[in-house]
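Biologist: I am new to reading protein models, and I would like to learn how to look at one feature at a time. Could you walk me through this one?

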Amino acid sequence: MESIWENNAPRVHFDTLKGNKSTNVLIVGGGIAGILCAYKLKNAGIDCLLVEATELCGGITKNTTAKITLQHGLIYDKMIKRFGEAKARLYAEAQNRAIKKYSRLCENIDCDYERQDNYVYSLIDQKKIEKEVAALTRLGVKAELSDARELPFSVAGAVRVKDQAQFHPLKFLYSTAKDLPIYEHTKVVELMPHKAKTNHGEITYKKLIIATHFPMLNKHGLYPLKLYQHRSYVIVLKGAHNVDGMYVDESNTGLSFRSYGDLLLLGGGGHRTGKQGGCWQELENFAKKYYKNAEIVGKWATQDCMTLDDIPYIGQYSKSTPDVFVATGFNKWGMTNAMVAADILCDLVQGKRSPYAAVFDPSRSVLRPRLALNAFESTVGLLTPTAPRCPHLGCALKYNKAEHTWDCPCHGSRFTENGELIDNPATDDHQSIQ
């Protein structure tokens, strides 16, 4: 099922790489993070090249709800307690810089950019909301309590931050990408130090940025333990009461709301990939209760990489790979975090210091409670005596009845009923699925 963004954006097309190339910076992955990295590097005068295995924005990027906000759930009170006020302030500052950069870029791009207030609400816990408002205020962010009356149900409270934004992501990215050095249908099949083999030739590079959603190098960085993937669902309603602003539940399994023209985008039904969840049925049931006269005119699903501590991994891939860099684990907030990644990585590949690099350093401590859960899920997946198994690291796949796919509960790879690869970290089709 296609997202509404795919229906009305003029696509751009790029050649397939044929033969060998050399570049200073090779970017692997043509989603929002890769495109913004290429854009930033090119404008800095850095020789770069981006390769995408399929088509530009053909993965997770096309399925976003495209909210541009520094509010990534109720994270700032927790962040201050875990890491201190200075680190939390840098995180918020990096997000705010990203919002301002979108504002400037979108002045010259027809991408339905709109300023909107953003709300994070809680159904049951007003104290959580009050603590988050206090935390944001300490960090210099103007936040206020709200009752979120635009929603069709009552809430315990909401945190409101003004002057955030929403847009049409593919209109923005296709316009941004049109003059960049990009090769589509160019799959990296093997990575070696300073050389990448593709299905059509070899690329030599000095620096490498891996922007493939889930990192593709298993030997370095412990990413299969540091990340898990989370699915969530969207339905598009026509004839529903549109909301003024953008809304999201503070719970990972809660609902999300935003309008696009005369349409309402309702998101939710989330669950860890490979597990059971509410899926589209939960959203459809909600719509029947609260938007009785609305018509469902579209639906799709997406998948997000989640980190151990709610902060993305942006920076040097691992301590043993000084010329390899990564952007991953955006925790459902890829719009601002992709822009943050482009800023940080553009500095790092040039040997410059970034004031934000330490906050997002992929080599930071992994001693977080979620590590044990990730390790447990991987162990169960490996020991479960069933077929088919994921070609990534051998975990048992689970059938997803809602989407008619085979999903990996360990690391989030997904396949069609015929075994065709949908989502990474697996890199090839599954030959044994019938």
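Modeller: Gladly! Let's begin with an idea we will need: a cavity is a set of grid points where a 1.4 Å probe fits but cannot get out, and its volume is the space filled by probe spheres set on those points. Keep in mind that this is a predicted model.

Biologist: How many cavities of 30 Å³ or more are there?

Modeller: The count comes to two.

Biologist: Which residues line the second largest cavity?

Modeller: Its lining is made up of Ile75, Lys78, Met79, Arg82, Phe83, Asp309 and Asp310. Sorted by class, that gives three nonpolar, no polar and four charged residues.

Biologist: And what lines the largest cavity?

Modeller: There you will find Ala94, Arg97, Val340, Asp343 and Tyr356. By class, three of the lining residues are nonpolar, none is polar and two are charged. Helix H4 (85–106) and helix H9 (334–349) each supply at least two residues of this lining.

Biologist: How do the axes of H4 and H9 cross?

Modeller: They come within 8 Å and cross at roughly 95°. Angles from 65 to 115 degrees count as roughly perpendicular, so H4 is roughly perpendicular to H9. On the H4 side, the residues in contact include Ala94, Arg97 and Tyr102, while Val340 and Asp343 are among those of H9. The residues of this contact divide into nine nonpolar, three polar and three charged.

Biologist: What about the axes of H3 and H4?

Modeller: Helix H3 (residues 76–83) has an axis that comes within 7 Å of the axis of H4, and the two cross at roughly 140°. An angle must be over 145 degrees to count as roughly antiparallel, so H3 and H4 are oblique to each other. H3 brings Tyr76, Met79, Ile80 and Phe83 to the contact, and H4 brings residues including Ala88, Tyr91 and Gln95. Here the classes are seven nonpolar, one polar and two charged.

Biologist: How is a pair of aromatic rings described?

Modeller: By the distance of the centres and the angle of the planes. A search of the whole structure finds 18 aromatic pairs. In one of them, tyrosine 91 and phenylalanine 360 are stacked, at 5.5 Å centre to centre with 25° between the planes.

Biologist: Where in the chain do these two residues lie?

Modeller: Tyrosine 91 is in helix H4 and phenylalanine 360 is in helix H10 (residues 357–360). They are 269 residues apart, and the pair links distant parts of the chain.

Technical notes
Residues numbered from 1 in each chain as written. Predicted model: local features only at pLDDT ≥ 70, side-chain atom pairs only at ≥ 80, totals over all residues. Heavy atoms only, no water. 1 Å grid on protein atoms, 1.4 Å probe; cavity = no way out; pocket = protein on both sides within 12 Å on 5 of 7 lines; lining within 4 Å. Helix = DSSP H or I, 4+ residues; strand = E, 2+ residues; numbered from the N terminus. Nonpolar A, V, L, I, M, F, W, Y, C, P; charged D, E, K, R; others polar. Axes fitted to C-alpha atoms, helices over the stretch in contact; angles between N-to-C directions. Parallel < 35°, antiparallel > 145°, perpendicular 65-115°, else oblique. Contact = heavy atoms within 4.5 Å. Phe/Tyr/Trp six-rings, centres within 6.5 Å; stacked < 30°, edge-to-face > 60°.
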